[in-house]
Amino acid sequence: MGERVVIALGGNAMTASDGSASPQDQRRAVEGAMRHAAALIAMGHQVVLTHGNGPQVGNLLLKNQLAADVVPPVPLDWCGAQTQATIGTLILNALEGRAAVVVTRTLVDPADPAFHDPVKPIGRYFAEAEARRFMELGQTWRRFEKGWRRVVPSPEPLQILDAPAVAALMAAGFVVVAAGGGGVPVVRDREGRLTGVEAVIDKDLVATLLARTVRAASLVIATDVPHAVMGFGTAHARPIGPITASELRELQAAGHFAEGSMGPKVEAALRFVEHGGDKAVITSLENIAEAVAGRAGTVVRK
């Protein structure tokens with residue numbers, strides 16, 4: 001009997017190798033990713049899938065901007081929900097088995113400090129005049145080296161609200177796709193009502209929360225490199241293989257992992273193992289079967 005595994009698919013699994021997110025490219029990329037997932041399922045593992053949605057949300061935001069004078073822009077939480085359904089449909093078609101997609105909400109704290117300091121860039125770069133047009137609509141934009149880009153809060157995920165649906169589907173034998181893009185961010189008001197918020201939750205941190213919630217033995221974070229790397233970009237760079245959580249924390253504290261790329265993946269792997277998970281692995285999509293066996297990638301254990 002296999003083990004229960006959460007696989008977090010990075011953006012490279014959803015687009016072409018050059019980053020193209022055309023419908024045809026997305027379909028081909030998802031089909032390729034699902035061949036690797038299907039191999040794990042065939043080995044008897046119980047697989048739960050989650051995924052990124054950055055390019056897809058970026059496309060929706062661009063449509064918002066181009067059509068703002070014709071139709072009202074939809075809020076960011078709606079964009080997240082739409083991409084969960086769209087990517088989920090591609091995954092369902094590719095797996096062609098007992099699979100199900102749960103449009104998943106992730107609870108965050110309305111008092112999270114991130115809401116007072118939006119720093120997560122989303123969408124494309126624009127000229128200042130275009131950015132100021134949307135700043136007048138209440139959005140926050142910041143200037144970067146390549147131009148102006150919208151920034152939003154990235155609060156800590158607290159709870160996956162639709163976990164009971166995920167558990168019921170797993171118990172019925174389905175391969176479940178859940179919490180895509182970090183989930184649709186929602187807050188609860190003083191009366192207990194839920195409402196979506198303009199935010200993006202880190203997908204890797206939510207993958208950890210999902211893996212802990214469904215009591216997975218392993219969390220596999222599939223990215224576009226076979227290992228996390230110590231000293232990345234330097235003459236002393238070397239791949240990290242099997243490592244303990246405490247050793248990886250030391251490397252993290254020494255600044256080996258960039259916040260915009262490998263940093264969140266390392267933090268997600270650490271949180272999973274430190275909260276009782278058997279192992280977390282950071283590796284390339286092609287290596288996920290070997291990763292579950294602990295024979296590939298950066299394998300983090302207690």
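Reply: Two strands pair if DSSP finds at least two bridges between them. Helices (H or I, at least four residues) and strands (E, at least two) are DSSP runs, numbered from the N terminus. The model is predicted, so that local features need pLDDT of at least 70 and side-chain atom pairs count only at pLDDT 80 or more, while totals for chains, interfaces and linings use all residues. Residues are numbered from 1 along each chain as its sequence is written, and side-chain values use heavy atoms, with hydrogens and water left out.

Me: Which residue in strand 17 does Ile-243 stand opposite?
Reply: Strand 15 and strand 17 (residues 298-301) pair in the parallel sense, over 2 bridges. Within strand 17, the residue opposite Ile-243 is Val-300.

Me: Which residue of strand 17 is the bridge partner of Ala-280?
Reply: Strand 16 (residues 279-284) pairs with strand 17 in the antiparallel sense over 3 bridges. The partner of Ala-280 in strand 17 is Val-300.

Me: In what order do the 8 strands of the open sheet run?
Reply: The pairing in this open sheet is mixed. Its edge strands, each pairing on one side only, are strand 3 (99-102) and strand 15 (243-244). The order of the strands is 3-9-2-1-12-16-17-15.

Me: Which are the edge strands of the open sheet of 4 strands?
Reply: This sheet has the order 8-4-10-11, with mixed pairing. An edge strand here pairs on one side only. The edge strands are strand 8 (159-160) and strand 11 (194-196).

Me: What angle does the direction of helix 3 make with that of strand 10?
Reply: Helix 3 (residues 76-95) packs on the sheet and touches strand 10 and strand 11, contact meaning heavy atoms within 4.5 Å. Axes are lines fitted to C-alpha atoms, for helices over the stretch in contact, and angles run from 0 to 180 degrees between N-to-C directions. For helix 3 and strand 10, the angle is about 135°.

Me: Which residue of strand 10 is the bridge partner of Thr-106?
Reply: Strand 4 (residues 105-107) and strand 10 (residues 184-188) are paired in the parallel sense over 3 bridges. In strand 10, the partner of Thr-106 is Pro-185.

Me: How are helix 1 and helix 3 oriented to each other?
Reply: The axes of helix 1 (residues 23-42) and helix 3 come within 9 Å and cross at roughly 55°. Angles under 35 degrees count as roughly parallel, over 145 as roughly antiparallel, 65 to 115 as roughly perpendicular and the rest as oblique. Helix 1 and helix 3 are therefore oblique.

Me: How many nonpolar residues are in the contact of helix 1 with helix 3?
Reply: Gln-26, Arg-27, Val-30, Glu-31, Met-34 and Ile-41 of helix 1 meet Leu-90, Ile-91, Ala-94 and Leu-95 of helix 3. Ala, Val, Leu, Ile, Met, Phe, Trp, Tyr, Cys and Pro count as nonpolar, Asp, Glu, Lys and Arg as charged, and the others, Gly among them, as polar. Beside 1 polar and 2 charged residues, the nonpolar number 7.

Me: Is helix 6 roughly parallel or roughly antiparallel to helix 8?
Reply: Helix 6 (residues 203-213) and helix 8 pack at an angle of about 15°, their axes lying 8 Å apart. That angle makes the two helices roughly parallel.

Me: Is helix 7 roughly parallel or roughly antiparallel to helix 8?
Reply: The axes of helix 7 (residues 245-253) and helix 8 (residues 262-274) come within 10 Å and cross at roughly 150°. Because of that angle, the pair is roughly antiparallel.

Me: How many charged residues are in the contact of helix 7 with helix 8?
Reply: Helix 7 contributes Ala-245, Leu-248, Arg-249 and Gln-252, and helix 8 contributes Val-266, Glu-267, Leu-270, Arg-271, Val-273 and Glu-274. With 5 nonpolar and 1 polar residues, the contact has a charged count of 4.

Me: With which residue does Asp-69 form a salt bridge?
Reply: A salt bridge is a side-chain nitrogen of Lys or Arg within 4 Å of a carboxyl oxygen of Asp or Glu. Here the closest N and O atoms are 3.2 Å apart. Asp-69 lies in the loop between helix 2 (54-66) and helix 3, and its partner, 64 residues apart from it, is in helix 4 (residues 128-135). That partner is Arg-133.

Me: How many residues does the hairpin use to join strand 6 to strand 7?
Reply: Strand 6 (residues 141-144) and strand 7 (residues 147-152) pair in the antiparallel sense over 4 bridges. Arg-143 stands opposite Trp-148 in strand 7. The number of residues through which the hairpin joins the strands is 2.
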